[in-house]
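Please look over the model shown here.

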Amino acid sequence: INGLTLYSVGDETVIDYIKVYYSGDDSYEFFGGTVNAKHLIALATEDDDFDTDLGYKGMIQFGLAARDSSIVDTDTANGFESDNDEPGSDNKPYTNAVFSNISTFGPAAGPNDPPTLKPKHASGNVMRLRRNTRLQIYNSIFLGYGNGLLLESTKSWQAAQYDSLTVQYSIIAGVRGAFFNPSSQGGAAPVREWFMNEMRHNDTVPDNTGLMITDPFNYDARNFQPMENSPVLTGSYWWVPTYKQNTIDDPFFQHVDYIGALD
């Protein structure tokens with residue numbers, strides 16, 4: 001089962017400095033509610049690291065997920081999975097959580113390490129955004145997953161055109177399969193064009209080493225700190241128009257220069 005499941009928890013509850021280790025399903029799943037959280041760690045998760053559903057609209061900053069290539073669920077394992085609800089309805093409130101400064105390290109340390117990914121890791125995604133979700137992700141890095149971004153369902157794709165669903169100022173690196181999953185709504189090319197549009201300031205990097213993180217895939221002594229001159233040390237973003245329901249300029253967020261979870 002999930003490591004930590006939050007059902008309709010409100011924003012007066014404090015969730016901070018939590019570690020989920022070897023969860024048999026998702027590490028963190030938010031079903032509705034408005035609770036905010038900082039400093040969440042997910043290690044060796046079997047299914048999804050961060051899962052949001054049923055109108056959850058809280059704020060999360062400084063999340064770290066690190067996979068073990070030998071451990072995976074019987075379901076596709078994703079860094080993020082997000083739905084509005086199971087039928088993808090227009091029931092409100094929409095799932096409209098805001099995540100910032102997230103670092104996820106998947107099961108693939110390099111192009112041949114391990115030589116073959118387990119099937120549910122190979123079919124997994126950095127982000128699986130579907131069923132009319134309006135998830136927002138900023139200032140984050142994603143390394144070493146089976147695939148990059150999977151943006152499913154017509155309504156999620158429509159929301160992305162207005163950035164009520166959005167990914168900005170973020171980098172995907174070192175995926176084994178497709179940076180933009182061809183199962184996405186309309187295929188990979190439109191999602192690639194959307195993600196790489198200069199107004200969103202995203203990027204893709206062919207290999208994990210391009211982000212210059214010290215030693216994140218050493219299971220005996222992981223080191224998630226960036227090296228000198230790493231591209232993650234600068235480039236964060238802290239302003240969104242005030243008409244947005246949840247915004248990255250909320251006082252909850254600590255405004256740091258770097259992207260990823262380095263606090």
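## Helix H3 and its cover

Several elements cover the buried residues of helix H3, including strand E12 (147-151), helix H2 (154-161), strand E13 (166-168), strand E14 (171-173) and strand E15 (203-205). The model is predicted. H3 spans residues 188-196, and its buried residues are Ala 188, Val 191, Trp 194 and Phe 195. These residues sit on the same side of H3, because they cover an arc of only 130° around the axis. An α-helix has 3.6 residues a turn, so residues three or four places apart point the same way.

E12, one of the covering strands, is itself largely enclosed by the rest of the structure, since five of its five residues are buried.

## The parallel sheet

E12 also belongs to a sheet. Six strands make up this open sheet, in the order E1-E3-E5-E7-E9-E12, and the pairing is parallel. Strand E1 (4-7) and E12 are the edge strands, each pairing on one side only. On average, neighbouring strands are turned by 5° against each other, direction ignored.

Two of the pairings can be followed residue by residue. Strand E9 (residues 125-129) pairs with E12 in the parallel sense over four bridges. Here Met 127 has Leu 149 in E12 as its bridge partner. Strand E7 (residues 80-82) runs parallel to E9, joined to it by three bridges. In this pairing Ser 82 stands opposite Leu 129 in E9. Strands of a sheet pair through backbone hydrogen bonds, either parallel or antiparallel.

## Salt bridges

How many salt bridges does a search of the whole structure find? The search finds eight. Three of them are set out below.

| Glu 81 | Arg 128 | 3.7 Å |

Take the pair Glu 81 and Arg 128, whose side chains meet in a salt bridge. Glu 81 is in strand E7 and Arg 128 in strand E9, so the pair links distant parts of the chain, 47 residues apart. Both Glu 81 and Arg 128 are buried.

Asp 83 lies in the loop between E7 and strand E8 (98-105), and Arg 131 in the loop between E9 and strand E10 (136-138), so the pair ties together parts that are 48 residues apart in sequence. Are these two partners buried or exposed? Asp 83 counts as buried, at 2% relative accessibility. Arg 131 is partly exposed, with a relative accessible area of 28%.

Salt bridges with shared partners join Glu 81, Asp 83, Arg 128, Arg 130, Arg 131 and Glu 152 into one network.

## Nonpolar cores

Which residues have the most contacts inside the largest nonpolar core? They are Phe 80, Phe 99, Met 127 and Trp 194, in a core of 39 residues. H3 gives the most to this core, with four residues. Leaving aside neighbours within four places in sequence, Met 127 is in contact with Phe 80, Ile 137, Phe 142, Gly 148, Leu 149, Leu 150, Val 167 and Ile 172. Another core, of 30 residues, lies apart from the largest one; among its residues are Leu 64, Val 98, Val 240 and Leu 262.

Thr 104 is found in strand E8. Thr 104 counts as buried, at 0% relative accessibility. Beyond its neighbours within four places in sequence, Thr 104 is in contact with Ala 65, Ile 141, Phe 142, Leu 143 and Tyr 145.

Asn 101 is also placed in strand E8. Asn 101 counts as buried, at 0% relative accessibility. Not counting residues up to four places away in sequence, Asn 101 touches residues including Gln 61, Tyr 138, Asn 139, Trp 238 and Tyr 258.

Key. Residues numbered from 1 in each chain as written. Predicted model: local features only at pLDDT ≥ 70, side-chain atom pairs only at ≥ 80, totals over all residues. Heavy atoms only, no water. Buried < 20%, exposed > 50% of the residue type's maximum accessible area, 1.4 Å probe, protein only. Helix = DSSP H or I, 4+ residues; strand = E, 2+ residues; numbered from the N terminus. Arc of directions from axis to C-beta. Contact = heavy atoms within 4.5 Å. Pairing = 2+ DSSP bridges. Axes fitted to C-alpha atoms, helices over the stretch in contact; angles between N-to-C directions. Salt bridge = Lys/Arg side-chain N within 4 Å of Asp/Glu carboxyl O. Core = buried A, V, L, I, M, F, W, Y, C linked by side-chain atoms within 4.5 Å.
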